[in-house]
Amino acid sequence: MHQNQEGAIERAHRAYRDRLLPALHKGRVPLTVTAWQVPGEPVPYAEAAARAAYEPVQPGDPWGPPWGTTWFHLAGAVPADWASGRTVEAVIDLGFTAAQAGFQAEGLAWSDTGQPLKGVSPRNQAVPLGLLPPGSPVNLLVEAASNPDIGSDWQWHPTPMGDLATAGREPLYRFGGAWLLPIEPAVRALERDWFTLLDLVATLDQADPRRAQIVAALNLATDRLGDLTSADVAAAAEALAPVLQPNAPAAASAHRVIAAGHAHIDSAWFWPIRETRRKCARTFANVLTLMDQDPDFVFAASSAQQYAWVKADYPALYARIKARVAEGRWIPVGGMWVESDNTMPGGEALVRQFVEGTAFFETEFGLHPTVGWLPDCFGYTAALPQILRGAGLDTFVTQKLSWNDTNKMPHSTFHWVGLDGSSVIMHFPPMDNYNSDLGAADLDRAARQNREAGLLDASLALFGYGDGGGGPTLDMVEVGRRKTDLDGSPRVQFGRPEAFFDQARLVAGQLPTWWGELYLEFHRGTFTSQAGTKAGNRRCEHLLREAELWAATAAVRAGFDYPAADLRECWQIVLLHQFHDILPGSSIAWVHREAQATLADVAARLERIIEAALAALAALAPVPDGAPTVAFNASPFTVAGVPPLAAGSEVAAPAGEFIEPHYQAGGPRQFYLLADGQRATFDGAGALISLKGPGGRELIPHGQAAGVPQVFEDRPNRWDAWDIDLAYQRTPVPVTPVSAELGPDGRLEAVYTVGASRITQRWNLAEGGLDLETEVDWHEHQRLLKLAFPVALQADRAAYEIQFGHVWRSTLANTPWEAAQFEVFGHRWVRVEDPAGGLTVANDRVYGHDVKLQAPDPKAGPGGVTLLRETLLRAATFPDPNADQGRFVFHHRLVAGGRLDGIAAGYAVNLPLRRRSGAPVAPLVTLTGDDGVLVETVKLAHDGSGDVVVRLYEALGRPAAARLEPGFAVAGAQRTDLLERALPEQPPRPLELDLGPFQIATLRLQRG
């Protein structure tokens, strides 16, 4: 007989689909179903169980308005004719669609005693009920969420479904039915064997003898299926046995995969935070059920916040989690409060992610995670290795850089060296998937793409439905079990993530090294989308700095009751909203509406804490009415004569004045800002056309203007809120100057319009530079707003502030790596310079920037031009169709001085002086020595001891020596890690600091 492998494979697929899969549901009986639609927000089990107004529901009945909750009551009994001793499960179809799990309807099944049993989702519909004798009653409640499918077709169409206010009330789903099902173990085992082999065949080469063996076995098994009697099933299984383990072991050289169950649960994204709390319960209930079913299954989960939600909302479920953690099969990883964005949070905020996260894990579980865990972030800051190390983590897992659109990362497992020289062992699972199903395609990809093959023939697999949660399923685990030693497949071993890194450490001396940031060549628009959320984050970060500083100062100086619990709660709220789909601006409208309101509430709370602390300090030395005010300076630099971290009298800055000289008819209209012998010149439209730096050097290129708004069409190919495509540069939109006049406050005010939007700029003098306020009334869609600052110098690189330092990035596009960085992130300042000087542009709320050396213009003569642009606003229409609409105010400061002057400007713009009646207040700590060592944080210790904690860092990228001088009685001083734990080796003089470039140091001062 001629062999026809493709025909045999098609025959096996048909038998699987039409005969074997239906056999899994043989003998099922329907349950009686009634339902109650909750009229508003979700209610707890007790309220749902007490309701009497449940209405009958039949398969096909519509249910569930967008974001609604419907409780289904399932009732029935095990049929009398079922054999005793059979395992039974309930199968529930809420009307699931073909969309992926976690992006549509889902539910949580509860027992009639109020215990959460298991989640119900499209590919995981069964709820195990155990061994039930005939006649046993069955009563379940299912809390079903009718969540809309926001864009899982990935077509990026605007949708009203992202907000309760616009989604409507029409039902989204039709109930599919609910049944009791007797489990047939032999049929289930055969189905998994069949699936595993069909799946494997698809990855094998057509000429591979192994493929032919499997196809022949499947063909024979198909012959034997018959009517799927017990004998038929046994005969078919016998036909497959020769090509399954242990009869067909893997090759000795097979790649090894350590498989850890995982459920990437976005703390908000295409659903609001309130829904994430329920997603955690559904997913964790699934995992616990799976642990009951399989003794070898292990699960890794990050994000202390999600555990805290489950502890608060589902205490019985949480108790089971704690037991599995103690057993060692549930592994808390990451050590962070949430899986935050990694590019935009400030340095102290990233530290606090680990402070709060590890404190939770240590308190609740008595363990300290050692594996950093951020599978799905949009780039990784060069500051992270030092922060990981300082928080007690020495390894790190991510996957997202496999999404790069231009260059491929050259390593899978390597040493990642950060800004200061700290390093961690990093792993990119080469299967390029943090939501694996352990299918053959994923495993084959892991083997083929492992960059360290021959040195480390192993990788980590994170398996389970994710993004919207769900986690691993029994089907996935059963497939993994069949591949522990299977010919044609990598070997799969269930294990803890640490088990992989134990293997990596054995060859650590031979692993490659990557220095510096890990820039994601994708999702560049996340540095700008949802400007209101980003502004709230930046403001809260700096208010937290102020609140801790002044509260600690008042506690030491005036006996003020340090509001530790309030501050910690504010930190936790801010940390939650730094999640990698909230702060980046890539969530639905509901999420950002709530985020901006919540951050405004936090800001108000912090203002009250600050005011109370300042009042306590003022009461130390009352002053008469009418006495001069003092200014409180939270910056690490002297500002207007006020020392760092202190309160004192301001020294008036040199007065500046705008003048508008007379001009001849037809001649150019100009404005001049004169101050202290310096002059800035503005054209008749109010744009900066001349700025002299130190020594009189002109910083604005001849014939160009700085601070000018630029607008572009912004229509990325996909991922609207996430992406800025380079093609935006091809479609500029004209911006019309309207007027330029001197305002009543003495500032130069320039007005521009574009489309339905209005841009008003106000220039004035500031200490050390020029201040620019840009007020935007923005009503554009799919447009991008930038401010352009051409600089008359030829800079082949630019400096961008990041956490605890700065990075230099190329301004060229000579290589694909350089060209891909056409939009990058930075924090409070960006700087271009050459050996003769430079210009820093500081900001109060911007994260997206681009700086490029411009092509030479032969008409302009010698000298280069570097174009620095700040990205202010976008207006994506998916997933929020009305993103970034309304009024926004941006503050910039231009500083034509040295690098340290620019760093100071970044602090000053974000930490304005606070003026109050009162006497001067001495700082708690001062620094002497190198002026590049800066105090980032002053607070009382996290453990409530009352010790003062000071965090410093070296800001200029050079070795530095400094001494910390306490301004209060100190009984003892210790160097600590970032978690405020004493370092095992203490220097003899802990207050004397010898820091490396960009090194962070934390000191703990015991009050005398």
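Visitor: Does Asp-884 count as buried or exposed at its relative accessibility?
Guide: This is a predicted model, in which local features need pLDDT of at least 70 and side-chain atom pairs count only at pLDDT 80 or more, while totals for chains, interfaces and linings use all residues. Residues are numbered from 1 along each chain as its sequence is written, and side-chain values use heavy atoms, with hydrogens and water left out. Buried means under 20% relative accessible area and exposed over 50%, with partly exposed in between (1.4 Å probe, protein chains only). The relative accessibility of Asp-884 is 5%, so Asp-884 counts as buried.

Visitor: What is omega at the cis peptide bond between Phe-878 and Pro-879?
Guide: Pro-879 sits in the loop that runs between E42 and E43. The bond that joins Phe-878 to Pro-879 is cis, with omega at about 5°.

Visitor: Which residue is joined to Pro-246 by a cis peptide bond?
Guide: Pro-246 has its place in the loop between helix H5 (230-240) and strand E13 (256-262). The cis bond there has an omega of about 5°, and the residue that it joins to Pro-246 is Gln-245.

Visitor: What is the phi of Trp-67?
Guide: Trp-67 lies in the loop between strand E4 (62-63) and strand E5 (68-77). Its relative accessibility is 1%, so Trp-67 counts as buried. The phi of Trp-67 is positive, in a residue other than glycine, and is near 65°.

Visitor: What is the volume of the largest cavity?
Guide: A cavity is a set of points on a 1 Å grid over the protein atoms alone where a 1.4 Å probe fits but cannot get out. Grid points are joined across faces, edges and corners, and a volume is the space filled by probe spheres set on the points. The structure holds nine cavities of 30 Å³ or more. The largest cavity has a volume of about 290 Å³.

Visitor: Which helix gives the most residues to the lining of the largest cavity?
Guide: Lining residues have an atom within 4 Å of a cavity point. There are 23 of them here, and Gly-346, Gly-347, Glu-348, Arg-828 and Glu-936 are the closest to the centre of the largest cavity. Helix H9 (347-365), helix H14 (531-558), strand E36 (797-802) and strand E46 (933-940) each supply at least two residues of this lining. With five residues, the most is given by H14.

Visitor: Which strand supplies the largest share of the lining of the second largest cavity?
Guide: The second largest cavity contains about 100 Å³ of space. Its lining has 13 residues, and those nearest its centre are Ala-263, Ile-265, Ser-302, Gln-306 and Glu-339. The largest share is three residues, from residues 299-301, which form strand E14.

Visitor: Which residue of E44 is the bridge partner of Phe-632?
Guide: E23 and E44 run antiparallel. The partner of Phe-632 in E44 is Arg-914.

Technical notes. 1 Å grid on protein atoms, 1.4 Å probe; cavity = no way out; pocket = protein on both sides within 12 Å on 5 of 7 lines; lining within 4 Å. Helix = DSSP H or I, 4+ residues; strand = E, 2+ residues; numbered from the N terminus. Pairing = 2+ DSSP bridges.
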